[in-house]
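Please find below some notes on the structure shown here, written for someone who has not looked at this model before. The points can be read in order.

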Amino acid sequence: VVADGFEWPTAVEIDDRGLLYVLDFDGGTVTRVNKETGEKTQLASLESGLDNIAIGPPGHVHANKLYVSSIGGNGIYEIDTATDTLRTVVAGDLTAPGGVATLGTGTDTRIYIADMFSLREINPADGNVRTVTPVSGSSAYPTTVTHGRFEWRDVVVTASWFTGRVQILDPETGTVLRNESRFSGPRGIAMLTDGSLLVAESTGQRIIRVNADGERTTVAEGFAFPSGLALAGDTIAYVSDSTSGTVSSIDLTTGA
């Protein structure tokens, strides 16, 4: 063991002096390690989601510089190992925006983005972006988002085809209020007024209803690749099938 105590080390590099540099995905840190003694020196602390690292070539003007990529910050960052200074080379507010939903009205409206690795909130008035749930090893990796009401409060609901999870979250704190897992490629999601969820399982080729107590029933099946869901009240759901190119209506009472 050269060094331990990291949350999730994702990449390492060794410079021409034999010093080891370690990225910690969850911790968002860049650490220099003396391989002989195990001594660790933290060089930078960034948003979680650090993914990879490169070192400037020996003998080059950038020889003492590290270049770090981040899926959390959607950017490339430079660390000068001679001065331990950090510089943003390039960065963006969003990484891989997918699903979109809104909460509130008028000047209180907020836009929520399933940003693949994070859930983001955007203020449409000024474009400011806030990370609701940061990237982590335990992240649900949201790809779809909608809104609803849960336990008398406004919530956002996310689904991830990548992890097969559906979550109900507090939009202010990012706290997970309910977690449902083991879905087969969940894409479209919708929340009924009784707190139950509709989930379009794209690879399961069906629409599932998940009651408030977690019980699951198949509402309709036989789709090719169900992707999007929209509700017309609590009785009719519309589902788009991106493989067959069709939109179908489902009577949620009869299943027709």
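1. Strands S21 and S22 form a hairpin with three residues between them, and Gly 233 in the turn has a positive phi of about 70°. Strands here are DSSP runs of E with at least two residues, numbered from the N terminus, while helices are runs of H or I with at least four residues. S21 and S22 pair in the antiparallel sense over six bridges, where pairing requires that DSSP finds at least two bridges between two strands. Within this pair, Ala 230 stands opposite Tyr 238 in S22.

2. On the basis of the model: this is a predicted model, in which local features need pLDDT of at least 70 and side-chain atom pairs count only at pLDDT 80 or more, while totals for chains, interfaces and linings use all residues. Residues are numbered from 1 along each chain as its sequence is written, and side-chain values use heavy atoms, with hydrogens and water left out.

3. On the chain as a whole: the protein chain has zero helices and 23 strands. Its C-alpha atoms fill a box of roughly 70 × 40 × 35 Å, taken along the principal axes. Of the 256 residues in the protein chain, 45% are buried. Buried means under 20% relative accessible area, exposed means over 50%, and partly exposed lies in between, with a 1.4 Å probe and protein chains only.

4. Strand S22 (residues 236-241) pairs with S23 in the antiparallel sense over six bridges, and the bridge partner of Val 239 in S23 is Ser 248.

5. Another open sheet has four strands in the order S9-S10-S11-S12, again with antiparallel pairing. Which strands stand at the edges? They are S9 (100-103) and S12 (129-133), each with a single partner strand, so one side of each is left without a neighbour in the sheet. The twist in this sheet averages 30° from one strand to the next.

6. On the pairings inside the four-stranded sheet: four bridges join S9 to S10, and the two run antiparallel. Thr 102 has Ile 111 in S10 as its bridge partner. The hairpin of S9 and S10 has six residues between the strands, and Gly 104 takes a positive phi near 85° there. Strand S10 (residues 110-114) also pairs with strand S11 (residues 119-122), in the antiparallel sense over four bridges. The hairpin of S10 and S11 has four residues between the strands, and Met 116 in its turn has a positive phi of about 65°.

7. Glu 121 deserves a separate entry. This residue lies in strand S11 and is the bridge partner of Tyr 112. Is Glu 121 buried or exposed? Glu 121 is buried, with a relative accessible area of 9%. A polar contact of 2.8 Å joins the side chains of Glu 121 and Tyr 112; a polar contact is a pair of N or O atoms within 3.5 Å, where within protein one must be able to donate a hydrogen and the other to accept it, and residues adjacent in sequence count only if both atoms are side-chain atoms.

8. Ser 48 sits in the loop between strand S4 (40-45) and strand S5 (50-55). Ser 48 counts as buried, at 10% relative accessibility. Ser 48 and Gly 73 are 25 residues apart in sequence and 7.9 Å apart in space, C-alpha to C-alpha.

9. Lys 65 is found in strand S6 (residues 65-70) and counts as buried at 18% relative accessibility. Lys 65 and Ile 250 are 185 residues apart in sequence and 58 Å apart in space, C-alpha to C-alpha.

Notes:
Axes fitted to C-alpha atoms, helices over the stretch in contact; angles between N-to-C directions.
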